[in-house]
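Welcome! Please take a look at the model below, and then we can walk through a few of its features together.

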Amino acid sequence: MSVHGKGLDDTDLDRLSYEALVDQIQAGNAKAEMQMVNRFAHGLRVMLSRKCSPDVAEDVSQETWRVVIEKVRNGDLRQPDRLPAFIHQIARNQVVMYFRKHSDTQEQPDDNDLVSPGLNPEQTYEINQLQQYVRDLIEQLDTPRDREILMRFYVQEEEKEEICKDLDLSSQHFNRVIYRAKMRMRSYLVKNLD
């Protein structure tokens with residue numbers, strides 16, 4: 001395996017840490033860019049589907065990947081181990097920018113473009129509160145690998161099998177991390193709801 005990506009096959013790219021993946025992208029490895037997109041596309045689609053209509057989500061997704069790849073190539077990602085959070089934040093910014101852009105034109109987005117179907121403001125608020133609790137809990141963990149697993153599973157809603165494969169984890173280890181997190185979350189919620 002070369003430092004600049006020559007000789008890296010898809011299997012090697014699948015196993016790269018976030019830091020190594022970012023290094024490969026900065027070294028000009030186009031396959032590493034595709035690996036990043038493939039690794040996080042599902043989580044991004046899920047997040048965007050909660051915030052806007054399918055057509056808007058597709059537009060925002062394309063723009064998000066354009067910006068992410070450009071920023072990673074240019075070295076704007078200061079903490080490569082936080083790549084998922086970086087992608088998530090850029091996507092959130094792109095959603096806001098999309099609606100700002102469309103609010104200035106005569107063609108206003110439909111109500112369906114503004115919120116996910118079926119969610120009322122109270123449900124949206126509750127979901128946001130729960131997501132913040134999960135993020136707070138995850139940030140309290142001492143082990144970076146546990147934080148990554150939990151962020152990917154609970155916040156980005158990636159599949160267990162994908163996370164286990166990416167991190168070379170057994171299903172049993174994954175289950176232990178999730179169990180410990182649930183116990184911490186329960187005590188965190190009890191403490192903060194009292």
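Helix α3 is the top contributor to the lining of the largest cavity, supplying four residues. Keep in mind as you read that this is a predicted model.

Let's stay with that cavity for a moment. The count comes to two cavities of 30 Å³ or more, and the largest cavity has a volume of about 100 Å³. Its lining is made up of F40, G43, L44, M47, P84, I87, H88, V155, Q156 and E158. The elements that give two or more residues to this lining are α3 and α5 (83-103). By class, the lining has six nonpolar, three polar and one charged residues.

How do α3 and α4 cross, right-handed or left-handed? The axes of helix α3 (residues 30-51) and helix α4 (residues 54-73) come within 11 Å and cross at roughly 140°. That angle is why α3 counts as oblique to α4. The crossing of the two helices is right-handed.

| Helix | Residues in the contact |
|---|---|
| α3 | E33, M36, V37, F40, A41, L44 and L48 |
| α4 | A57, V60, S61, T64, W65, V68, I69 and R73 |

By class, this contact of α3 with α4 has 11 nonpolar, two polar and two charged residues.

Note on methods:
Residues are numbered from 1 along each chain as its sequence is written. This is a predicted model: local features need pLDDT of at least 70, side-chain atom pairs count only at pLDDT 80 or more; totals for chains, interfaces and linings use all residues. Side-chain values use heavy atoms; hydrogens and water are left out. Axes are lines fitted to C-alpha atoms, for helices over the stretch in contact, and angles run from 0 to 180 degrees between N-to-C directions. Angles under 35 degrees count as roughly parallel, over 145 as roughly antiparallel, 65 to 115 as roughly perpendicular and the rest as oblique. A crossing is left-handed if the near helix is turned anticlockwise from the far one by less than a right angle, and right-handed if clockwise. Contact means heavy atoms within 4.5 Å. Ala, Val, Leu, Ile, Met, Phe, Trp, Tyr, Cys and Pro count as nonpolar, Asp, Glu, Lys and Arg as charged, and the others, Gly among them, as polar. On a 1 Å grid over the protein atoms alone, a cavity is a set of points where a 1.4 Å probe fits but cannot get out, and a pocket is an open set with protein on both sides within 12 Å along at least five of seven lines; lining residues have an atom within 4 Å of a point. Grid points are joined across faces, edges and corners, and a volume is the space filled by probe spheres set on the points.
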